[in-house]
Amino acid sequence: MRPPPPPLWLPLLLHFGAAAPTADAPQDQLPAPQSPRVWLYNAQQVLSWEPVSLSNETRPVVYQVQFRYSSSDVWFDINGRESPDGVNCSKILATECNFTPSGLSTGFPMYLNISLRVRAELAERRSAWVTAPWFQHYRNVTIGPPENIVVTPGEASLFIRLSPPFSITAPSMVMFLYYVHYWEKSGNPQVKGPFNSNFIVVKDLKPLRAYCLQVRAELFWESPKVSRPGRLSNESCHETKADASTRLQQEALIAVATFLSLAGLAGSCLVLILKYRGLIKHWFHTPPSIPVQIEEYLKDPAQPILEALDDSSPKEDCWDSVSVVSFPEKE
């Protein structure tokens, strides 16, 4: 009986240089790197380890990193030709390998289980492989706070615009939900959410009050029902604007205050006028003055000003009739 044909993906693995695990010879073996760990923060994917130190060796120790998917037992060299594209961690001097998506690298698919291992190399000498714990980005990532948060005060409300902590490559599978933690100054915190939009309106606040808030993002993976709560943003405080009813109340209060102020001012003026009317009359009374003709005579007595005045005055008074009324004296 002929053996079954090899799987269709086996030639591809061999073509791309898959490295199957091999048993290193124990003789003259290098110490293995210690404490391999994977750092997952937002879109960052970084494998790091402790360096290998050799006391009697001047040549530098280099490191080789390999990866595999959980669905396969085949390890791949990370040399820039296999996934993730653009990352080369083959015979490197650094003690970390960065897979974060960038202009040249697409990073590991965030929904797949990934295993990583590293070993030290010096010329022909090798160390044993050290494997880091497997990871699935969406399941193990640490979510940072939302970015580019802009808060605009409204009428008894706050309008919030923000950006997600990082870009989602499969929005049909994964989404970000947002929660707003807010409180009035010296008040108890409250939480509103979840919101699935980058534009959030927090309503039903008190007008003309100062509110402080923080925003938190939560990654939700639909298919396996996985959620990863994120970190809170920095605290910021804002004062809400007055709503229509508050503005009407303010206008009414201003009108009443203005009327009362004018009435009080008018009453005060009336009281002062009544109290100091004699002094006010004295201030506004026209002082007595000498007639112009007399003033000219005093300046030049030789002028016939008095005679002119006598000529201009009536000679005698005339009456139509004179009546004498007398009363008898009482005894």
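**Exercise 1: a first link**

Cys-89 and Cys-97 form a disulfide, with their sulfur atoms 1.7 Å apart (a disulfide here is a pair of cysteine sulfur atoms within 2.5 Å). Before going on, note that this is a predicted model, where local features need pLDDT of at least 70, side-chain atom pairs count only at pLDDT 80 or more, and totals for chains, interfaces and linings use all residues. Residues are numbered from 1 along each chain as its sequence is written, and side-chain values use heavy atoms, leaving out hydrogens and water.

Task: work out why the disulfide of Cys-89 and Cys-97 is right-handed, then say whether each partner is buried or exposed.

Solution: 
- Step 1. Look at the torsion about the S-S bond: for Cys-89 and Cys-97 it is about 95 degrees, so this disulfide is right-handed.

**Exercise 2: a second link**

Task: find what joins Cys-212 to Cys-237, and which strands hold the two residues.

Solution: 
- Step 1. Cys-212 is joined to Cys-237 by a disulfide, S to S 1.9 Å.
- Step 2. Cys-212 sits in strand 17 (residues 210-221) and Cys-237 in strand 19 (residues 236-239), so the pair ties together parts that are 25 residues apart in sequence. Strands (E, at least two residues) and helices (H or I, at least four) are DSSP runs, numbered from the N terminus.
- Step 3. The link of Cys-212 and Cys-237 has 95 degrees about the S-S bond and is right-handed.
- Step 4. Now for cover: Cys-212 is buried at 2% relative accessible area, whereas Cys-237 is partly exposed at 35%.

**Exercise 3: the whole chain**

Task: say how many disulfides there are, how the bonded cysteines pair up, and what the chain around them is made of.

Solution: 
- Step 1. The count comes to 2 disulfides.
- Step 2. With the bonded cysteines numbered in sequence order, the pairing is 1-2, 3-4.
- Step 3. The chain has 6 helices and 19 strands.
- Step 4. Of its 331 residues, 30% are buried.
- Step 5. Take contacts (heavy atoms within 4.5 Å) between residues at least 6 apart in sequence: 62% of them join residues at least 24 apart.

Technical notes:
Buried < 20%, exposed > 50% of the residue type's maximum accessible area, 1.4 Å probe, protein only.
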